[in-house]
Number of protein chains: 2
Amino acid sequence: MDGLIMDYQLTIDKMIKRANRVFPDKEIVSVLPSGAKHRYTYSDLYRRTVRLMNVLRGLGVGRGHRVATFMWNDYRHLELYFAIPSLGAVTHTLNIRLFSEQLSYIVNHAEDMVIFADATLLGPLEEIAPQLKSVRQYVVVSEEGKMPETSLSPLADYETLMADAEDDEDFPELSETDACGLCYTSGTTGKPKGALYSHRGIYVHTLMAGMVDMLGIGERDVLLPVVPMFHANAWSAPFICAMVGAKLVYAGQNVQPEALVPLMQEEGVTFAMGVPTIWSGMLQHLRQTGGNLGRVKKLVVGGSSVPRAMIEAFKREHGIDIIHAWGMTEMSPLGSLNRLLGKMEDWPEDRQFGALSRVGKPAPCVEMKIVDDAGRELPWDGRSSGELLVRGPTVIRSYYKNAEAADQFTDDGWFRTGDVVTIDENALLQITDRTKDLIKSGGEWISSVEMENAIMACPGVMEAAVVARPDAKWDERPVAFVVRQPDADPPQPEQIIAHLRNHFAKWQLPAPADIRFIEHIPRTSVGKFDKKVLRSQLA
Amino acid sequence: MDGLIMDYQLTIDKMIKRANRVFPDKEIVSVLPSGAKHRYTYSDLYRRTVRLMNVLRGLGVGRGHRVATFMWNDYRHLELYFAIPSLGAVTHTLNIRLFSEQLSYIVNHAEDMVIFADATLLGPLEEIAPQLKSVRQYVVVSEEGKMPETSLSPLADYETLMADAEDDEDFPELSETDACGLCYTSGTTGKPKGALYSHRGIYVHTLMAGMVDMLGIGERDVLLPVVPMFHANAWSAPFICAMVGAKLVYAGQNVQPEALVPLMQEEGVTFAMGVPTIWSGMLQHLRQTGGNLGRVKKLVVGGSSVPRAMIEAFKREHGIDIIHAWGMTEMSPLGSLNRLLGKMEDWPEDRQFGALSRVGKPAPCVEMKIVDDAGRELPWDGRSSGELLVRGPTVIRSYYKNAEAADQFTDDGWFRTGDVVTIDENALLQITDRTKDLIKSGGEWISSVEMENAIMACPGVMEAAVVARPDAKWDERPVAFVVRQPDADPPQPEQIIAHLRNHFAKWQLPAPADIRFIEHIPRTSVGKFDKKVLRSQLA
C-alpha cells in the first residue's frame, strides 16, 4: 500500500537541533565547583555539541563505541549527553558513588573506550585505572582548564580539545534502533547489570515525559534536576528540556539546602526533581530558617518511597505539590506518576494525601500486570499482591551482555521488575516490597546478599542476614543479623565493619548498633532466610 | 549488540486497552439527534469496540480493508475509530459536507468496502450509490435502532449487528507501520488527495498532542471536540482522551451556541476545539445572552486563521485562553500551536495578543523550513516569506495512490505544504498566503480553480477568476470576477449560480453580490491571472 507516513527516525540529534532552532536563547545555568555560575543558551549548547562531536571523532570514537562520564551535573555533562549519541556512540554514565570493585567491573564490562571525568573526581578512577582494560583515553573536565596532578594516562583536557576542534556540523545518519546510552543497576548477584537504551526508546520516553500528567514540563518551566545525571537518563531532564525549551539549572556538587534555596530563588526555578532524602533535608532547613522556595510549584520525587508526611508538609507549609514517581533504570526510567485525579478534586484533603502517597498510574506507554508465584495474573483490587511485570517501548528487552539475568524477562515479552506491588481500582500502583530484598539508602542501592556474603566471610561468623530498617534521613539503612560461630573468638561489630570496608563504600556500611547478634536465623519452609520475620523483629 | 529496548509496536489497540485498564470509569457523553444524552464509560467503549471488531469480521473486513464512516460526532463514531484499526483495517472518515461528485470519487478511489452512516445522513449516499464500485455493505446507525426507508442495499442496522456479535476479545498482532486511517483533502486540481495514516504516526502524534505546550490535555480535563470527527483524525481527540483518560463530550449534530453553552456547563467542559467560525458565533451569542462557558479554560482554534480580536475578547470577557493552532490533514494534523512564552509573561497584554495571533512554534516532532522559488532556505527573521516545508514522524510521505501529486514531496524527504509563511526570531510561524489560492469557508476548502472552470463553462462567460474575500462569520467566501463574452446574451448572477449548483455544494456557492462583472482579468507577466490585484480591489 503506498501513501503512509514518512520513515522518520526518532533520534536524539533531532532534539538538540530542535532546541537550537526553536529555543536558541533559552538558558542553561550551572553552578561550578567554586560556586561561580556558568550560563549559556541552547544555541551555545548546540554549537559546543557539534564541536564535541568533532573532539570525539578525533579520539577515535565511532558508531556503537561506549564513552563513559564520571561527572557531577553541569553543562559539560549535558554536552556529552547530546554529542555522544548524535555521533552514534553510547553514553555510559558512571555512578560516582560506586565502590571501586563495582566501578572497575562496570567499565570493563561496558568496554568503555574513553572516560570523561570531573577534575574533582579523579581519585576513584586513579585507584581502579590499573584494572581497566578497554580505556584508551581519559579526559579531565575542570573549572580552570588546568591539567591536574594525576596518574591517569593518557590524559587530555576537555577545553583544550574543544578549542582545537573544528566546528563543522557533521551529523551522521542514525537509525532509531541504534544504541545511545548505557546505565548499570546494582543486582543481588553482586554483578551490576547494564540497561542499554535506544534512540527510539529515549525519544518516545521524552514525548511521554512531557505529557500533562507525567513530568508535564513546558517552555515556561525552569527545571532544577537535583537527581544526578548518572541516574537512569537523569530522569529524562536533558531530553525533555531540549524538546520543550525549558530553562535548565544545574546545582553541581553542592546539593545541600543552604546551596539549593538561593539557587532556586535566583534562577526562578518552578520545578525540581530528586530523591526523598534531598527533600526531607530541605523541609527541615526551611522550617529552621523560615525560608521558601520562591516560584517552585512542583517537586517530582522518586527513587524510593515518599513519606505521606512529606507530601502533606510541602503542600501545607509551601503550597508545593509533591509528585510521587516510580521508575527503574530498566524503564528509561519513568513507570508511574501520581497526580490528583478528577474524581478526587472534591475529596477532603486528608483522603487526597492518602491517594497521593501511592506511586500513581501507569505511564502512557507502560503496560503493567501483577502475577503470583505461578505466573497467574492478579486483579487490580488494592489487596492482591504479587510481582509487577511491565512492557512497553521504553523498557529493556534484556540486560546488556548478561545471559544469566535472562530469567527477568518472560517468554511473552514482559520484564519482571522484582517489585512486589498492589494496584487499586483507581489503577494506582503501590510498591509493597521487593522480591530481591535490596536496601535503598539515599536513593542508592545496597545489595543485602552481597553484604551477607561479605559478613559470612568474616572470621568467627557463621551466618548473617541483612535487611533494611526504615531511616528518617536515608529512607533505609542495612541491619545485619549475625550468628557467631560457637567456640570461636567472638567478633565485635567494629571488626565486622572493618572487614566490610574492603568490599563496600563508606556510605553503605552498617552502623555498629546495626550489627545484631542472634542465636540463629529464621528460615522459610524451603530453607531460605526468612527476612519477613527479621523485619518484624525490627518493627 | 544485545540488550536494548523491547520491540514494542506503537499501535492504536493499545490506547483503547489502556483506557479500559487505567480509566475504566471515566465518561463519554454524546448528544443524540433527538437531543437526548447518551453516556457510558471507557470500559463500556472497550467492550463495544471488541464486539464491533467481531461485527466487522462478520462483514468480511480484514487487514488493510478500507471502512468508511459518514457520521456526526458521537460514541458510535468513536467505537469505529478504535475497532477498525484494532482489526488492522483502515478507518476512512468521509466529510459529510462534500458535494456528491467528490464523495463518489473518494469512495471509489479509496475502494471502501463498507460504509457506516448516520440515519440522518443517508440522502447524499443514496444519490451516489449507483456510482460506487467497491461498497459491499451499508450499515445504518440510528438513535432508535429502526431501519429507515432507503434505497441503500445491502443494508444492515448497527445495533442489530452488535447485538448478534460475539464478545470474545480477539486482537490481532499488528505492525506499527500498518495503515490505520485515511482522510482526503481537497486540492486545486479538482481531485481530492488521500492522506493514509499509520498506527505509529498516530501513536507518536498522540504523545506529542498530550505535551504541555501542545493540546496539553490531562485526566482532569473534560474535552468537547466541536471539530468534526471526519476532519483529520478529529484533531487527535479520540486518541489523546483515551491515552490520558480525559472525559469526552460530543455535541452530535447541533453545534449552535444555543446547544453548546448548556452542554458545556452541564458536563463541566474545561477544554474545547473547533474552527474560528464556531467561536465567533459563540462570542456573539454570549454577548447577547450575558452567558458564560462555565469551567472552560482553553479553546484550541485552528483550521483557518483566528482574528486577534477574537483572542482578545475571549480573554478579556471570559478569562479563556484561545490557543491558535495550525496543521494539515497531511500532518495527522498538528503542525504548530501558540502558547505564551516565558519571555512574554512580563509583556503588556497588547503585545502578548500580537504574539498569540500567530500560529505558534513548530510542534515537537515537526521540522520546518522556508524556501524560496529556487528551493533555497530562508532565514527565520519574521520578514522572509516563502513556502513552508515540513517533515517528521507524523507527516505523510506521499498521497495515497496518487503519482500526479508526487511533486509535493522533495527528493530529500520534505512535504511542500503549499502555504506561504514567515517564521520570526521567536520561531513563531505566521501563514501569510497560500500557494494554491484555495478558499477556506467555515473550516472547509473551496477550490478556486474548480469554481473558475465551472463558471467559464457557463454560457455567455468568457473568463472568470475566483478569490477569497474575508468574511466575519465564515472566515472567507468566494468572489467571482467574471468577464462576459461580447455579443452574447449577458448572463445574470443568478444564472451563473444556478449553473454552479451542478458542481458545488450549496454552502460553497457564492452570493449573487459576489459575482462581479469586469472588463478583463488582470494577468501576471507569465500570463496567469493576477489574484493579488483582484484581492486588492476587494480590500
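**View 1. Ser236(B) counts as buried, at 1% relative accessibility.** Buried means under 20% relative accessible area, exposed over 50% and partly exposed in between (1.4 Å probe, protein chains only). This is a predicted model: local features need pLDDT of at least 70, side-chain atom pairs count only at pLDDT 80 or more, and totals for chains, interfaces and linings use all residues. Residues are numbered from 1 along each chain as its sequence is written, chains are lettered from A and ligands numbered from 1 in the order in which they are written, and side-chain values use heavy atoms, without hydrogens and water. Ser236(B) is not a glycine, yet has a positive phi of about 80°. Ser236(B) sits in the loop between E10 and H8 of chain B. Helices (H or I, at least four residues) and strands (E, at least two) are DSSP runs, numbered from the N terminus.

**View 2. Trp235(B) also has a positive phi, near 55°, in a residue other than glycine.** Its loop runs between strand E10 (222–225) and H8 of chain B. Trp235(B) counts as buried at 10% relative accessibility.

**View 3. Helix H8 (residues 237–244) of chain B is largely enclosed by the rest of the structure, since eight of its eight residues are buried.** Among the buried residues are Pro238(B), Phe239(B), Cys241(B) and Met243(B). Just after H8(B), Gly245(B) takes a positive phi of about 75°.

**View 4. Helix H7 (residues 199–209) and helix H8 (residues 237–244) of chain A pack at about 70°, with axes 9 Å apart.** Axes are lines fitted to C-alpha atoms, for helices over the stretch in contact, and angles run from 0 to 180 degrees between N-to-C directions. H7(A) and H8(A) are therefore roughly perpendicular. Angles of 65 to 115 degrees count as roughly perpendicular, under 35 as roughly parallel, over 145 as roughly antiparallel and the rest as oblique. H7(A) contributes Ile202(A), Tyr203(A), Thr206(A), Leu207(A) and Ala209(A) to the contact; H8(A) contributes Phe239(A), Ile240(A) and Met243(A). Contact means heavy atoms within 4.5 Å. By class, the H7(A)–H8(A) contact has seven nonpolar residues, one polar and no charged. Ala, Val, Leu, Ile, Met, Phe, Trp, Tyr, Cys and Pro count as nonpolar, Asp, Glu, Lys and Arg as charged, and the others, Gly among them, as polar.

**View 5. Helix H3 (residues 75–86) of chain A crosses H8(A) at roughly 80°, the axes coming within 11 Å.** H3(A) is thus roughly perpendicular to H8(A). Leu78(A), Tyr81(A) and Phe82(A) of H3(A) meet Pro238(A), Phe239(A) and Ala242(A) of H8(A). The H3(A)–H8(A) contact has six nonpolar residues, no polar and no charged.

**View 6. Arg48(B) lies in helix H2 (residues 42–58) of chain B.** Arg48(B) counts as buried at 18% relative accessibility. Not counting residues up to four places away in sequence, Arg48(B) touches Tyr40(B), Tyr75(B), Arg76(B), Glu79(B), Tyr158(B), Glu159(B) and Met162(B).

**View 7. A cis peptide bond joins Ser332(A) and Pro333(A), with omega about 10°.** Pro333(A) lies in the loop between strand E14 (321–327) and strand E15 (334–337) of chain A. In chain B, the bond from Ser332(B) to Pro333(B) is cis, with omega near 10°.
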